[in-house]
Amino acid sequence: MNRRYKIRATIIFFLFATIFIIILVNLYFIQIKNNSFFVSLGEKQYSLIVTSYPPRGAILDRTGKQFLAMNKDSIAAFILPKTLAHKEQVLPFLRKHFPNAYERFKQSHHKDFMYIARRLTPEHITLIEQANIPDIQFLQEPGRYYPVPSAGHVTGITDIDNKGLFGLELLFNQRLAGKPMRRSLHKDARSGHFYFDKEIVEHGEQERTLITTLDSTLQFLAFEELKKTQEECQAQEVSALIMNPSNGHILAMVTLPTFNPNETRNLDVESTKNKIINEAYELGSVIKVFAALACFQEGVVSPDDLIDCEQVKTTYVDGRKINTVPSSVTGVVPFSQVIEKSNNIGIAKVVKNLGNTLYDHYMNLGFGKRTGIEFPSEHDGFVNPPDQWSKQSIFSLSYGYEISATLLQLARAFGIIANNGYRVEPTLIFTQNIVKSALPLYSQQAINDIKNILENTVLKGSAQRARIDGYRVMAKTGTANLLINGQYNTSRNIYTCAGIIEKGNYQRVIVAFVKEVPKTGVYASTIAVPLFDALAKKTLIHDHII
Amino acid sequence: MKKNFFTYAFITTHICFVVLLIYKNSKIIQLTYQKQTIEMKKKERLQTKEQLTQNIAAAYDQGSIKEFALTQLHMVPVQLQQIKKIAT
């Protein structure tokens, strides 16, 4: 009996001893061996790192009051595939209404989280709400709203994660987005919303708003005029630019075809391109203004010098064939009339005396060089350099071929004339800093001569429809053939009218541009000049210049 | 007697300290809770403000204003020639 008792006691002792040893070993592993793991596990339950993103900064027009881009939350729908409670409801619903999500679900059924769709339309939200499936939940996400859709080419848009995709949204993404702040929250292990303490782990940076030089009303008015022109002429592209030459502020920048920045579901990428900044064209006769300016500056010709334009449509100068449009055909006329009538033969005969200097002048005027405007992917433009010239090049360059320029470069060049020879760089961002050349690039005499010619072009030349009584309007037209597969196509043209409107100290540079209309035998004087005129009048009324 | 008094005073003081510490912590928690409740309300108000700002921006849509002026108010676009400056 005593022996049995002893055995039993020993067994019980060893049993308990084993249990204690197991507990001790376990404690060793928990407290010593895996200490850091369990400490961090505990920390995770009590302390939480929260990253908060500042709201994206607004983009405003020059008044600082009208929004061009603002924040608007969008709604996304999601499911938790791993823990779906009503699979039999969710799957048929997805298959019927969100087939893409259904396909994704088949690949992601083991995942913790899956978006059904983001940036839901009100119809989709109603549809999901009516389905009343508890597994499908909504999530509020930051998004953007653009109250002035016509400024979409300038503002650009953000992507689904609210990062700038193009335009100002892309270029100023960092400034608009700010920097997220990271905070550590101390909670009790079961707490949902509330915390005991909050500490900043990483300081963020507040978003900053962006004030542009655009005038939202003028932008709208220009857009309306462009729409009208596009409908009337059935033009493929129409663009307009209104600039204050004294400070380089772009007041309106519109291009058609356009897109709705608030509806980007089926976005045509081509329509999002800002063709005023990102595309260069061979602009034709409008460039004669700058060839003439170069000639005046170099003393090659004066406005009253007589030039023989031979009263023909086609002639040969130094063995090279030169064509001019029928409406410009003239005989022996003063050089000023060569420009007013836009005669290619006359300008070619004069400019050949400039030689390589023409290239230098074009470069000084800012052609072939970016303006440095605050906008992504600005086009350089192109001026054929003298070392690549053929015998035709000097003539082509005189009337706007072998030189491609953006409409912005053209506006800047007209700005030089408006500013009496000083070059002011165009800008889209409202600032008091004006980037202006230290010295005038052209003499006052050369500027006055070209201004008079431009004024006469409106009074009695190719831009007569742009005449506005009581105002000084100086403009030049250009009709250029498009280069298609290496050959100039005479039935596919671009039409430009660019110039300056002036009254007292008030000045505006306006560029009106139309690309390809189905009607044949038309010129800039009938396509682009009426648009220029309408824009000029709208601008004068808007600015109260009466 | 003196010894007992000192012991009681010592214990009472410490109990008071403990009670005050508990009171302080619970007050902090209470105020933190209130602060967070207010923060949540502020967030809601900001969301409402943002919504209203969007509504205002949408109401300023120049296309709709123009259409309203033309169709409802029967206004006509003014031409530059029609405007005259009155000398003041």
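At 56% relative accessibility, Gln234(A) counts as exposed (over 50% relative accessible area with a 1.4 Å probe, protein chains only; buried means under 20%, partly exposed in between). The model is predicted, so local features need pLDDT of at least 70 and side-chain atom pairs pLDDT 80 or more, while totals for chains, interfaces and linings use all residues. Residues are numbered from 1 along each chain as its sequence is written, chains are lettered from A and ligands numbered from 1 in written order, and side-chain values use heavy atoms, without hydrogens and water.

Most residues other than glycine have a negative phi, and most peptide bonds are trans. The peptide bond from Leu256(A) to Pro257(A) is cis, with omega near 5°.

Strands E15 (314–317) and E16 (320–323) of chain A pair in the antiparallel sense over four bridges (pairing requires at least two DSSP bridges). Their hairpin has two residues between the strands, and Asp318(A) in the turn has a positive phi of about 50°.

In helix H4 (99–108) of chain A, the buried residues are Ala101(A), Tyr102(A), Phe105(A) and Ser108(A). They share one side of H4(A) because they cover an arc of only 130° around the axis, taken from the directions from the helix axis to the C-beta atoms. Asn100(A) and Gln107(A), on the other side, are exposed.
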